[in-house]
Amino acid sequence: MKAQPQPKAAIADRLAEARRRTYELIEPLDEAQLNRVYSPLLSPLAWDLGHIANFEELWLVQTVGEREPLHGELGRLYDAIENPRRSRNELPLLRDAELRSYLADVRERALEVLDEVDISPEAEDPLLRDGFVYELLIAHEQQHNETMLQLLQMVEDYELPDALSSVGHHSPGQAPGQLARRFEYPPVREMPHAPPTIRLPGGQYEIGAPATGFAYDNERSRHTVELAPFEIDSWPVTNREYAQFVAETGAEVPLYWEREGDGWIHTAMGRREPVATDQPVTHVSWHEADAFARWAGKRLPSEHEWEAAHPQLDAVGEVWEWTASDFLAYPGFEAFPYREYSEVFFGDEHKVLRGGSWATHRNLMRPSFRNWDLPQRRQIFSGFRCAKDAG
Ligand SMILES: [Fe+2]
């Protein structure tokens, strides 16, 4: 089935919704907080903001609109690959009022261009066909909102804006209840103590994004994989289970856990609360997830197993879930629209995460979506569930 082309007004609304959320996230902050480096692993928020606008300018204004950039060579400062996170604050970044007017000016020009271009399914330019480049930009800003939330956990007394749980775009096929759960902090779902497992028969499974509709290059092409029978936990590993693992093995505790008496305290946004035992463990590295699974007599699922089981899994969207899989190209992979989106990260250095977290916009949560990161990383909203072979 072919995806319906989106009218331009709907694209403009969704661009506006993404921007509203970006501004709502930073609304409680002063300029000093926007410019501060909280962690060597995370950019100052002012860099994220400039990068969001610069990426929009590059694609929606310069590339598809064939306009000259507003600030000449500015793009170099906001190139994520050229500028490692730890050094981003040393750059002559746009700040304060200048930064905000850059965001607004770029948006104005992007909307002008949107008015002019052909985004129909017949459009000659694959960037414009079916509005691909606009989906790319909406997703990009939403993904940066999650990165910004990683940092906002370190901001003393930060309060998530209430409006974030109610505004927004509603994609077809999404239950309205899912929207209300965006940006709840911490996640509220009660977890059962012993996770039931789901058994999947061996056989052939279709993996990856269908040929039409928006997806990233790394999700294609859709292909058949052969899986041996396996069992997978219907729930992610909880804080209670993880605390037991720490007690028995001396494993590294998740980021933001601190010892208090006999228990554990979760610290975020300057607040200290007892760790919620029935919620999924978050902020663990791939190494810890892998060690837990072996301790529990299980293993991490492969990303194919995760995707095959996805419709039956519960609590998808609470935490990103580490899988056993390296981030590799699917058969028939073609880099689009640029090699630096996925291709340069392929190999055995990065592990794939699936699903999405409480901080992930629901627009990004499709079964074929592949997130990836280094196995030692814990600042992302990462948890996991376990699997095992079934005879
Ligand atoms: Fe980016």
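Is D96 buried, partly exposed or exposed? In this predicted model, D96 has a relative accessibility of 34% and therefore counts as partly exposed, since the partly exposed class lies between under 20% for buried and over 50% for exposed. D96 belongs to helix α4, which covers residues 96-116. The backbone of D96 has a positive phi of about 50°, although D96 is not a glycine.

A positive phi also occurs at H283, again a residue other than glycine, where the angle is near 65°. H283 sits in the loop between β7 (271-274) and α8 (286-295). With 3% relative accessibility, H283 is classed as buried, because buried means under 20%.

| Residues joined | Omega | Loop |
|---|---|---|
| R220 and S221 | about 5° | S221 is between β2 (203-207) and β3 (223-227) |
| F336 and P337 | about 0° | P337 is between β8 (320-327) and β9 (347-355) |

How far apart are H140 and H144 in helix α5? Helix α5 spans residues 132-152, and H140 and H144 are four residues apart within it, so about one helical turn separates them. Both H140 and H144 are buried.

Helix α5 also contains E141. The relative accessibility of E141 is 2%, so E141 counts as buried. Leaving aside residues up to four places away in sequence, E141 touches A18, R19, T22, I52, E56 and R107.

In a sheet, strands pair through backbone hydrogen bonds, and the pairing is either parallel or antiparallel. Here, three strands form an open sheet in the order β1-β4-β12, and their pairing is antiparallel. At the edges are β1 (197-200) and β12 (387-389), each of which pairs on one side only. From one strand to the next, the twist averages 20°.

How many bridges join β1 to β4? Four bridges join β1 to β4, which covers residues 230-233, and the two strands run antiparallel. As one example of a bridge, T197 has D233 in β4 as its partner.

Helix α7 (residues 239-249) packs against α8 at an angle of about 85°, and the two axes are 11 Å apart. The helices α7 and α8 are therefore roughly perpendicular to each other, because angles of 65 to 115 degrees fall in that class. On the α7 side, the contact is made by E241, Y242, Q244, F245, E248 and T249. On the α8 side, the contact is made by E288, A291, F292 and W295. By residue type, the contact of α7 with α8 comprises five nonpolar, two polar and three charged residues.

Notes. Residues numbered from 1 in each chain as written. Predicted model: local features only at pLDDT ≥ 70, side-chain atom pairs only at ≥ 80, totals over all residues. Heavy atoms only, no water. Buried < 20%, exposed > 50% of the residue type's maximum accessible area, 1.4 Å probe, protein only. Pairing = 2+ DSSP bridges. Axes fitted to C-alpha atoms, helices over the stretch in contact; angles between N-to-C directions. Parallel < 35°, antiparallel > 145°, perpendicular 65-115°, else oblique. Contact = heavy atoms within 4.5 Å. Nonpolar A, V, L, I, M, F, W, Y, C, P; charged D, E, K, R; others polar.
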